[in-house]
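The exercises below concern charged side chains and their partners. Each task is followed by a solution in steps.

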Amino acid sequence: MDTDYVELYRPPDVQELALIKLHLDAQAVRYYVAGENFGSLLPGTPLGEMRLMVDRRDARRCAEILREQLGIEVPPLP
């Protein structure tokens with residue numbers, strides 16, 4: 001079965017992304033980061049935007065982790 005990923009958040013920098021990944025890995029959340037390699041090379045540009053993509057089935061749990069453990073508010077989920 002193919003996994004359906006949704007964009008959950010756009011971290012502003014690689015430091016915040018590193019914290020997010022640490023927490024999500026610890027909770028076994030399925031995710032990937034679109035534009036991760038460009039984010040550190042081209043900060044502040046559309047090409048440099050990093051997008052946290054999470055498995056749709058984990059999206060609510062991931063949003064809760066970001067909010068409760070890191071104080072990051074994410075847009076409402078569809």
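This is a predicted model: local features need pLDDT of at least 70, side-chain atom pairs count only at pLDDT 80 or more; totals for chains, interfaces and linings use all residues.

**Exercise 1.** Determine which parts of the chain are tied together by the salt bridge of Lys21 and Glu36.

*Solution.* 
Step 1. The two side chains meet at 2.6 Å, N to O.
Step 2. Because Lys21 lies in helix α1 and Glu36 in helix α2 (residues 36-39), the bridge ties together parts that are 15 residues apart in sequence.
Step 3. Lys21 has a relative accessible area of 24% and is partly exposed; Glu36, with 28%, is partly exposed as well.

**Exercise 2.** Describe the salt bridge between Arg30 and Asp55, and name the network to which these residues belong.

*Solution.* 
Step 1. The closest N and O atoms of Arg30 and Asp55 are 3.0 Å apart.
Step 2. This pair links distant parts of the chain, 25 residues apart: Arg30 is in the loop between α1 and β2 (31-34), while Asp55 is in strand β3.
Step 3. Arg30 is partly exposed, with a relative accessible area of 37%, whereas Asp55 is buried, at 1%.
Step 4. A network of salt bridges links Arg30 and Asp55 with Arg57, Asp58 and Arg61.
Step 5. The count for the model as a whole comes to 9 salt bridges.

**Exercise 3.** Is Glu16 buried or exposed, and how far away is the nearest side chain of opposite charge?

*Solution.* 
Step 1. Glu16 is located in helix α1 (residues 14-26).
Step 2. Glu16 is buried, yet it has no salt bridge. The nearest side chain of opposite charge is that of Arg10, 11 Å away, whereas the criterion for a salt bridge is within 4 Å.
Step 3. The Glu16 side chain does make a polar contact, at 2.5 Å, with the side chain of Tyr9.
Step 4. When neighbours within four places in sequence are left aside, the residues in contact with Glu16 are Tyr9, Pro11 and Ile72.

Note on methods:
Residues are numbered from 1 along each chain as its sequence is written. Side-chain values use heavy atoms; hydrogens and water are left out. Helices (H or I, at least four residues) and strands (E, at least two) are DSSP runs, numbered from the N terminus. Buried means under 20% relative accessible area, exposed over 50%, partly exposed in between (1.4 Å probe, protein chains only). Lys and Arg count as positive and Asp and Glu as negative; His and the chain ends are not counted. A polar contact is a pair of N or O atoms within 3.5 Å; within protein, one must be able to donate a hydrogen and the other to accept it, and residues adjacent in sequence count only if both atoms are side-chain atoms. Contact means heavy atoms within 4.5 Å.
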